[in-house]
Amino acid sequence: MVVDVQRGFVNRHSEHAVPQVLRLVNVWSSAGLPTAFARFHNEAGSAYERISNWTRLRTPEEQALVAELEPYVSSAALLIDKTVSSALTNDLLRVVEERGWTDLVLCGIDTDSCVYDTAVAAYHSGLTPWIVTDACASTGGTEMHDAALLMARRNIGAHQLLTVDQVADQLIGLPAAEKGAHS
């Protein structure tokens, strides 16, 4: 699950994660595993605007996924457009149920918002969330990214945090029948 790797979320604090996200998506797709993408849309009058006075991610340019991900979208299991931080929408839950997924492997931007919120929502929905730490970043900087990972270690378990290298090693070692059991 690639969460909100959108042009409007890429800045000097988060841009380093984009190549790692691409690497993860490539490894994942090469293993024949399904990928899903989420895009955040900040609607006028949203809580983000009313409470936080945040009005970004309104234009099609900001909402677009980074160009490097576009080739993967056409073969994705799902593209979610959402107006809340968590990508665990009814559409995603439907696909999870239809495909029998038990795990969600997450990467994206912002670690401290959309990625973390999706992981916690997945955990509370009975799914096993995994956060690929080096394929995530926060637009707020390293301090926010690290704080989210600290909370994730506490709330979903330290063993649920992986790196792209660890995911790649595990995928290479999985028999083909087992690869289809994960998302």
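## Salt bridges

A search of the whole structure identifies 6 salt bridges, a salt bridge being a side-chain nitrogen of Lys or Arg within 4 Å of a carboxyl oxygen of Asp or Glu. The structure is a predicted model, in which local features need pLDDT of at least 70 and side-chain atom pairs count only at pLDDT 80 or more, while totals for chains, interfaces and linings use all residues. Residues are numbered from 1 along each chain as its sequence is written, and side-chain values use heavy atoms, with hydrogens and water left out.

One of the salt bridges joins Arg-23 to Asp-165, with the closest N and O atoms 2.4 Å apart. This pair links distant parts of the chain, since Arg-23 belongs to helix 1 and Asp-165 to helix 8 (residues 164-173), 142 residues apart; helices (H or I, at least four residues) and strands (E, at least two) are DSSP runs, numbered from the N terminus. Arg-23 is partly exposed, with a relative accessible area of 33%, and Asp-165 is also partly exposed, at 42% relative accessibility. Here buried means under 20% relative accessible area, exposed over 50%, and partly exposed in between (1.4 Å probe, protein chains only).

Asp-81 forms a salt bridge with Arg-39, the closest N and O atoms lying 2.7 Å apart. Distant parts of the chain are again linked: Asp-81 is in strand 3 (residues 78-82) and Arg-39 in strand 2, 42 residues apart. Asp-81 counts as partly exposed, at 44% relative accessibility. In the salt bridge between Arg-58 and Glu-49, the closest N and O atoms are 2.8 Å apart. Arg-58 is partly exposed at 29% relative accessibility, and Glu-49 is partly exposed with a relative accessible area of 25%.

## Aromatic pairs

The whole structure contains 5 aromatic pairs. Rings of Phe, Tyr and Trp (its six-membered ring) pair if their centres lie within 6.5 Å; planes under 30 degrees apart count as stacked, over 60 as edge-to-face and the rest as tilted. The ring centres of Phe-9 and Phe-40 are 6.3 Å apart and the planes stand at 45°, so this pair is tilted. It connects distant parts of the chain, with Phe-9 in the loop between strand 1 (2-3) and helix 1 (17-30) and Phe-40 in strand 2 (residues 36-40), 31 residues apart. Both Phe-9 and Phe-40 are buried.

Phe-40 also pairs with Trp-54: the ring centres are 6.0 Å apart and the planes are at 35°, so this pair too is tilted. Trp-54 lies in the loop between helix 2 (47-50) and helix 3 (60-63), whereas Phe-40 lies in strand 2, so the pair ties together parts that are 14 residues apart in sequence. Phe-40 has a relative accessible area of 2% and is therefore buried, while Trp-54, at 26%, is partly exposed. Ring pairs join Phe-9, Phe-40, Tyr-48 and Trp-54 into a cluster.

## Packing of helix 6 and helix 7

Helix 6 (residues 111-124) and helix 7 (residues 142-157) pack at an angle of about 10°, their axes being 9 Å apart. Axes are lines fitted to C-alpha atoms, for helices over the stretch in contact, and angles run from 0 to 180 degrees between N-to-C directions. The two helices are therefore roughly parallel to each other (angles under 35 degrees count as roughly parallel, over 145 as roughly antiparallel, 65 to 115 as roughly perpendicular and the rest as oblique).

Residues of helix 6 in this contact (heavy atoms within 4.5 Å) include Tyr-116, Ala-119 and Val-120, and those of helix 7 include Ala-148, Leu-149 and Ala-152. The contact residues divide into 10 nonpolar, 3 polar and 1 charged. Ala, Val, Leu, Ile, Met, Phe, Trp, Tyr, Cys and Pro count as nonpolar, Asp, Glu, Lys and Arg as charged, and the others, Gly among them, as polar.
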